2 protein chains.
Amino acid sequence: MAQRVRVQNFTLSSDGYGAGEGQSLERPFGHADPSKLMSWAGATAHWPNRTEPGGSYGLDDHCARDFTNNIGAEIMGRNKFGPQRGPWENYDWQGWWGDEPPFHTPVFVLTHHVRPSFTLGETSFHFLDATPKEALERAFAAADGKDVRIGGGVHTVREFLDADLIDEMHIAVGQVELGRGERFWTGPEQLTDRFHLERIPSPSGMVHHFLWRR
Amino acid sequence: MAQRVRVQNFTLSSDGYGAGEGQSLERPFGHADPSKLMSWAGATAHWPNRTEPGGSYGLDDHCARDFTNNIGAEIMGRNKFGPQRGPWENYDWQGWWGDEPPFHTPVFVLTHHVRPSFTLGETSFHFLDATPKEALERAFAAADGKDVRIGGGVHTVREFLDADLIDEMHIAVGQVELGRGERFWTGPEQLTDRFHLERIPSPSGMVHHFLWRR
């Protein structure tokens, strides 16, 4: 099967925001409370950041466990990698995720301010000042024949959508309303000219949106 | 994460039958039409027997693609392996699946009539006259730390359920009515004393049942 470009477990508020306003070191999702926004995933057995046993194995977990399934690389925006803006003052910052980031593959960070690659646990981070198409070529080459995940945030997923580079998206829409921040869509109808859409409500209250290229 | 015992893509008629009556070489599912029973999976991009590109990427596909996700071995009953009964007349029969069976792991076939192991493509078949518990020990050891799939048929899944050895089940219930054959349940309520249950209807008309141990 050809390598594909996928968005997985991308979580939005009921009004279509992927993050709140005012990201900072203390508040990676701005004024949004990530524990509320992401609680559907945190409750599952296969939540990538889970350290304790337990969790559910229903629909939400089938989505959560697909996060790593046949994924060989991730591309993310700089704002997902960290709260800094502009030139790097130093290279101390190594992401939000501690010593064992949940990716376990090469990760390509899109930024105008490149810095040296480094490896943390099973994840390597590489910094690219590149177009989406160029970044994707690098990621495909690094993915060992597997698919590439576009990891967010909102701006990065939109860039890849605008370049028509995304094959498939799993978007989880919750019941939390954010009102302001980084808006991904007003609704999935904005994409159905180019994508098939299935809306699958979960017992948790999330609505899973599966979209794939027509 | 500990190794788990999973049932995946196990498909039942609306009245709870996993196969029709009268299995034979010509009719592996007895009087049931497998192309109707399994059409939900056949329509997905990740159907393990798919040879042509195409197919859907929605909820049904997320179930289909989980078939191989972190699975290191399968256990099946002899009636899933072939239509023969009693002692083997010869060892010409190598399963229904042609030169490249869709398992790609060791497969353990439960039978009172053992025969030598053989390898076909990426799948190896091993024949055991053993209890479910003994077979599971062998499969765990062969699974390289991954989970073990109980592949069916109905009788085999019931045996493992009766021995309380199953952690998790994905059961897809269709709209076809069979009326007779090998019945798995009268309804999922029979299992909710021991399992959590989520019933998730799919746009295809299937109802996916996710069950996991309480």
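Reply: G153(B) sits in the loop that runs between strand 7 and helix 6 of chain B; helices (H or I, at least four residues) and strands (E, at least two) are DSSP runs, numbered from the N terminus. The peptide bond between G152(B) and G153(B) is cis, with omega at about 0 degrees. This is a predicted model, in which local features need pLDDT of at least 70 and side-chain atom pairs count only at pLDDT 80 or more, while totals for chains, interfaces and linings use all residues. Residues are numbered from 1 along each chain as its sequence is written, chains are lettered from A and ligands numbered from 1 in the order in which they are written, and side-chain values use heavy atoms, leaving out hydrogens and water.

Chain A has a cis peptide bond too, joining G152(A) and G153(A), with omega about 0 degrees. There, G153(A) belongs to the loop between strand 7 and helix 6 (154-162) of chain A.

Back in chain B, let's follow the chain into the helix. Helix 6 (residues 154-162) packs on the sheet and touches strand 1 (5-12), strand 3 (71-77), strand 4, strand 7 (147-152), strand 8 (168-173) and strand 10 of chain B, where contact means heavy atoms within 4.5 Å. The direction of helix 6 makes about 135 degrees with that of strand 7 of chain B; axes are lines fitted to C-alpha atoms, for helices over the stretch in contact, and angles run from 0 to 180 degrees between N-to-C directions.

In chain B, nine strands form an open sheet of mixed pairing, in the order 5-6-4-3-7-1-8-11-10; two strands pair if DSSP finds at least two bridges between them. Strand 5 (118-120) and strand 10 (195-201) of chain B are the edge strands, each having a single partner strand, so one side of each is left without a neighbour in the sheet. From one strand to the next, the twist averages 20 degrees.

W97(B) lies in the loop between helix 4 (78-81) and strand 4 (106-110) of chain B. Although 16 residues separate W97(B) from F81(B) along the chain, their C-alpha atoms are 9.2 Å apart. That loop between helix 4 and strand 4 of chain B also holds H104(B), a residue other than glycine with a positive phi, near 60 degrees. H104(B) is partly exposed at 37% relative accessibility; buried means under 20% relative accessible area, exposed over 50%, and partly exposed in between (1.4 Å probe, protein chains only).

Eight of its eight residues are buried, so strand 1 of chain A is largely enclosed by the rest of the structure. Strand 1 of chain A pairs in parallel with strand 7 (residues 147-150) of chain A over two bridges, and five bridges join strand 1, again in parallel, to strand 8 (residues 168-173) of chain A. R6(A) takes part in each pairing: its bridge partner in strand 7 is R149(A), and in strand 8 it is E168(A).

How do the chains relate? A rotation of 180 degrees, with 0.0 Å of shift along its axis, superposes chain A on chain B with an RMSD of 0.0 Å; copies are superposed by least squares on the C-alpha atoms of residues with pLDDT of at least 70 in both. That is the relation of a two-fold axis. Where the chains meet, 22 residues of chain A are in contact with 22 residues of chain B.
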